[in-house]
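Colleague: I am new to this one. Please walk me through how to read its features.

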Amino acid sequence: MYTHKTKKKYYSAGGYIMKSRLLLLVLLIVGLWGLKDIGIASDYRVFFGKDTADMQDFTQMENSFGSSDSAIFVISSVSGTLLNESNISLLREIHLHLLETPNLVSVTSILSNHPYLESNNFSTGLLGQLKNANQSPPSLLNLSLTSTGVEVRIVMPKHNPNAVIESATFIKETAAIFSKRTASLRFDTSGIVMMNDAFAYHLIDDLIKLVPASNIILFLITAWLFQSFFVAGIVIFVAGVSNIISLGMATLVGIQLTPPSGMSLIVILTISIACSFHAFLAIEQQKGPWHQRLKLGSALTAKPILFGCLTTLIGFLSLNLTDTPPYQDLGNITAFGVATVLLIHFVLLPWILAYKPIKFESRLKFNWVAYLKWIDKFRIAILLISLILITISISLVSKLEVNDKFTDWFSSKTEFKHQANFVSENLTGIYSIDFILESKHELPNENSDFFVQMSNVASHFQTFDNVWEVRSIHSIINKEHDATQSYKKIKSNFEILHARGLIDQSGKLFKMSIVFKDADSTYIQSFNTQFQQYLIENTDSIAFHGGHGPSVLFANIVKRNIKSMMVGVIIMLITLSVLFSFYFKSLKLGAVALFTNALPILIAFAFWALLYQQVGLAVSIVAACSLGIIVDDTTHFLFHYQEHLNKKNTTKTQALAVSLNLAGQAIIFTSIALVSGFSVFMFSDFLLNTTFASLTIITFISALVFDLLILPAALLIHKRK
């Protein structure tokens, strides 16, 4: 096979190869050095580009009002009221203990404004006062008097990237300490700080458990497919070196790992294995001594591996078009890893394999000639069925709704989700919007209506069923006061209000935070618009400066990502089509390659629409990632097809038979590896990764069907005699 061409194409051990091996060695050493400083991002802000308008507004709000990062420490009575002498004494201890939280800004509880906090003497009058008081903020004691909370606000110092983990760990340890002291109380934590900590915890958990598990599974699958543990060892070694280099270099340039970017380890692993499978199967089909087989097999796969890696690299670099830095990091780390895989396969793998002959024999032999005859017989029916499926898929995908909830990124089995749900059901929610308001006139003399209107707005939205509470200065303003009296009351409580983030340092801007029982991105966007419209129609003294906060950031990023990735995927598909057309010197094959790679993604999204009807942040980047991977198999298939089709007196059927014989088995093997590698992440407790893996696996299976069934049928429509 290919003897007349491939004998001239052999990877020599000349100076260029030696320099490349030295380069690999240097990269490996640098990568290992970089791994010692690997960082785990523990701040939700990493999901948002600093240059986006939303993030700039949010940063400006934090500069004016202070940190918005907070945790809620909730104490609940297992039975009966929480407010008795013993529990209040315990609450006081907890409040004082939490004052030692690292990176602290403030601690607020129902005892914050009471002299009791500084005294060891219990006051029975305080119990009656708490039971009847409209305490501030109201979220710190529920109406049934069975749950109360302590709000802990922290700051994220730039010099300390581990601030969130330190603070969250202290808060969780506090819960553990006090839960041991009494069985009559329940202790839970929630809030953005605890969500940030959950991000980091589950990333580390996946890196420790799932990444090694995927390596072991793929090692065993490779050993079974090739009936050789030595081949499996080489394949995993190549993938491991690629991962070490790419991850170490990413650390050196300042990239911190997040749950999405951590998936690059699995992506690089599967891509490396796919390239190795094509190489080993090509070697197996050659005849003669080991070194001759190695030369011919390596030459046979050189061009498709080079072109396949190039198109894969383009696919992952397109993730830079997203507005989400962790997904940009995923794309860049993977792209560097793919380049490393390519370098290893050209300069290191042949050198390793040349050391001594390797005995292996692949399983799952196929009669491709008989299979191709079957496709030829039913090619019209296959294409008609595929067209029907495509039409149905377009209809289903058009009905997908863009929506997301960031607490749903965590499995219900996780401690964070379990406790956050309890807190949301019994005391306060994790979803909120911070509205920045300002008087249209000078305070206090020229705007006597401002404070009354602020109070009216708060009272109006407090009546909404899905609203837990409205936090603003209205809690200390009496509607009957005139502007001067209200302003004096605000000034006398300025430090408390500023510490709670309700008034900025200038005293001119006011924050009204509305906390929801539950909310998805669609609800957040709708409520934001509704609030602004209410101000326009019902107030004339309040200037509106927008709604901000983590919920708004996450609500807006999903739609932006979908839009940017749609543009990115279209650009990538056109680019790949041009590359295929240029590479194969055929516009027809370029168009075939375009549809062969685009349609599996369409089918996968249609299947997703049947199951869930919604797409979120994880789904928004699947198209680019999966396209970057599945294009590799199409490259190998069309390369062998084109090579033989250009031969004299060769029919399409003959060219396809050779192509299936050379690439078909490798496509099946790589599909098994890809599905196996990504299926490990189905066990992740971080559902962004689970969702990403699920949809990508569906795409891989669809791509397998298109490559081995629909693509040959399409090429046989007009057969050349």
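Modeller: Start with strand E2, residues 104-108, which runs antiparallel to E3 and is joined to E3 by 4 bridges. Keep in mind that this is a predicted model.

Colleague: Which residue stands opposite Val152 in E3?

Modeller: Val107 does.

Colleague: Over how many bridges do strand E1 and E3 pair?

Modeller: Strand E1, residues 70-77, pairs with E3 over 7 bridges, in the antiparallel sense. Here Phe73 stands opposite Val150 in E3.

Colleague: How do I read the two faces of a strand?

Modeller: In a regular strand, side chains alternate between the two faces of the sheet. Now take E3, residues 147-154. One side carries Ser147, Gly149, Glu151 and Arg153, and these are buried.

Colleague: Let's turn to single residues. Where is the place of Leu90?

Modeller: Leu90 sits in helix H4, residues 85-98.

Colleague: Is Leu90 buried or exposed?

Modeller: Its relative accessible area is 9%, so Leu90 is buried. Leaving aside residues up to four places away in sequence, Leu90 touches Phe178, Arg181, Thr182, Leu185 and Phe187. Look at one of these contacts. Leu90 and Arg181 are 91 residues apart in sequence, yet 9.7 Å apart in space, C-alpha to C-alpha.

Colleague: What about a loop residue? Why does Thr324 count as buried?

Modeller: Thr324 counts as buried because its relative accessibility is 0%. The loop holding Thr324 lies between helix H11 (290-317) and helix H12 (325-347). Beyond residues up to four places away in sequence, Thr324 touches Phe47, Ile557, Asn561 and Leu617.

Colleague: Last topic: empty space. How is that found?

Modeller: Rolling a probe the size of a water molecule over the atoms shows where empty space is left. In this model, the second largest pocket holds about 650 Å³ of space. Two elements give two or more residues to its lining: helix H21 (550-584) and helix H22 (587-611).

Colleague: Which element gives the most to the lining of the second largest pocket?

Modeller: H21 does, with 7 residues. In total, 20 residues line the second largest pocket. Nearest its centre lie Val397, Met566, Val569, Ile601 and Ala623.

Colleague: How many nonpolar, polar and charged residues does the lining of the second largest pocket have?

Modeller: The lining has 19 nonpolar residues, 1 polar residue and no charged residues.

Notes
Residues are numbered from 1 along each chain as its sequence is written. This is a predicted model: local features need pLDDT of at least 70, side-chain atom pairs count only at pLDDT 80 or more; totals for chains, interfaces and linings use all residues. Side-chain values use heavy atoms; hydrogens and water are left out. On a 1 Å grid over the protein atoms alone, a cavity is a set of points where a 1.4 Å probe fits but cannot get out, and a pocket is an open set with protein on both sides within 12 Å along at least five of seven lines; lining residues have an atom within 4 Å of a point. Grid points are joined across faces, edges and corners, and a volume is the space filled by probe spheres set on the points. Ala, Val, Leu, Ile, Met, Phe, Trp, Tyr, Cys and Pro count as nonpolar, Asp, Glu, Lys and Arg as charged, and the others, Gly among them, as polar. Buried means under 20% relative accessible area, exposed over 50%, partly exposed in between (1.4 Å probe, protein chains only). Two strands pair if DSSP finds at least two bridges between them. Contact means heavy atoms within 4.5 Å.
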